[in-house]
Amino acid sequence: CLNMPVNRPHQPQHQKQTTDGSGEKMFVAVTPQGVIPVSVKGAQIPKFIQDRHGNKYAIIPQEEHQRRVQAQKDEALLHAIVLEGDIMADNITPYTAVISWAAFTHQDEETELAIELSSDEKDLRPGQSYVVRIVPYRKGKKGIYSKENIFQTDTCAPSGMEICGLSGKQPQMLTVKWNKPKETGGLPVSGYRLFWDGGDSNLDVDKFPLLYLGDSNRYKAQNLVPGATYRFSVDCWNDRGATERTSAVAFQTPSGKPSAPKMLHCIRATINSITVGWGIADGCGADIREYTLEMNDFSKGYGFRAQHTGLDHEWTIKGLNYDTKYGFRVFAVNTEGKVGSYSNTIEICTLPKPPQAPSAPQEGQLLAVS
């Protein structure tokens, strides 16, 4: 309720009993015939007096009697304070209303008025019905309620939209979600519109193209670039208009697995070494942290084993056997620790061992010449 300040009920202070100047204490007895003054001497005070017919009447201090008489007058005056006419609600907007009334009868400077609404909320809301009434207070006591007035605030466009985050993300997908507006304007929300920059960081939010239109409060944006940043803004509307677009909120897709290094090939081979090279791999939204070259020595049957890890794009493996076949493959790892696919596998043979040089002929030895 929206109440005007109201005085608390008056608490009378204790007063000494009145004396008539001769030391006698003054009391009264309220009888059907009227108020009878009673004077009491001494410390012992009787509880009642008795008339000649044997009827007993309690005696009270004169001050207490005067207080009761005044309280009855105040009560009668409070119940006489009544609203003349009806309460009016004018200049109604979605959030405000002007409450007015003519006057209260017998209202004086000790009268305060409290306006009460049928709502515990601090402020009015659009499209809502309210009951208003006025009650007078005098000396902290409540009087008679006025007649009630029912009014309804106007409707308006919704307000208070905000994007609240992501409900899912993948290297090529972001699921953006948003809450309903804080204020619907007193009408159902007709739908939502999601806007985005399409990955253009230089685009102003008011120029974002439309990405989604519908009644859902989430949308899955797909076919995105891994490791890229996208900005989104949302609004909603009802029959009275639309909210302002929210501020742009940026989200980044995670990186994916790196692609396989391209074109693994043999650069050269000797009788005891092989040099291989490969092209760059796509980090899929992150930088390449390293390449790992693996080799399979078919003669030993151990399968592929790592021979080198680094950012090089060629490497020489030494200490190999001559005239032996070896297999090679390479993969990449990005800075987010994601391991990519293997490159193509190649098989390379070291060169055979060259024949020994012929020995020099001995003296006297004949050489056959063809």
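A contact is defined here as heavy atoms within 4.5 Å. Among contacts in the protein chain between residues at least 6 apart in sequence, 59% join residues at least 24 apart. The model is a predicted one, in which local features need pLDDT of at least 70 and side-chain atom pairs count only at pLDDT 80 or more, whereas totals for chains, interfaces and linings use all residues. Residues are numbered from 1 along each chain as its sequence is written, and side-chain values use heavy atoms, with hydrogens and water left out.

The protein chain contains one helix and 27 strands; these are DSSP runs numbered from the N terminus (helices H or I, at least four residues; strands E, at least two). Because its radius of gyration is 50 Å, well over the 21 Å that the globule rule gives for 370 residues, the protein chain is more spread out than a compact globule. The radius is taken over C-alpha atoms, and the rule is 2.2 Å times the number of residues to the power 0.38. Along the principal axes, the C-alpha atoms fill a box of roughly 185 × 60 × 30 Å.

Of the 370 residues, 34% count as buried (under 20% relative accessible area, with exposed over 50% and partly exposed in between; 1.4 Å probe, protein chains only). The protein chain exposes about 23000 Å², of which carbon and sulfur atoms supply 49%. Accessible areas come from the Shrake-Rupley method with a 1.4 Å probe, and for residues only the protein chains shown count as cover.

Nine aromatic pairs are present in the structure. Rings of Phe, Tyr and Trp (its six-membered ring) pair if their centres lie within 6.5 Å; planes under 30 degrees apart count as stacked, over 60 as edge-to-face and the rest as tilted. W196 and Y230 form a stacked pair, with 5.6 Å centre to centre and 20 degrees between the planes. This pair links distant parts of the chain, as W196 lies in strand β15 (residues 191-196) and Y230 in strand β18 (residues 229-238), 34 residues apart. Both W196 and Y230 are buried. The rings of W196 and F232 have centres 6.2 Å apart and planes at 25 degrees, so this pair is stacked. Since W196 is in strand β15 and F232 in strand β18, the pair ties together parts that are 36 residues apart in sequence. F232 is buried, as is W196. Ring pairs also link W178, Y192, Y212 and Y219 into a cluster.

Charged groups also sit over aromatic rings (NZ of Lys or CZ of Arg within 6 Å of the ring centre and within 35 degrees of the ring normal). The charged end of K325 is placed over the ring of F298, 5.1 Å from its centre, and that of R329 over the ring of F304, 4.1 Å from its centre.
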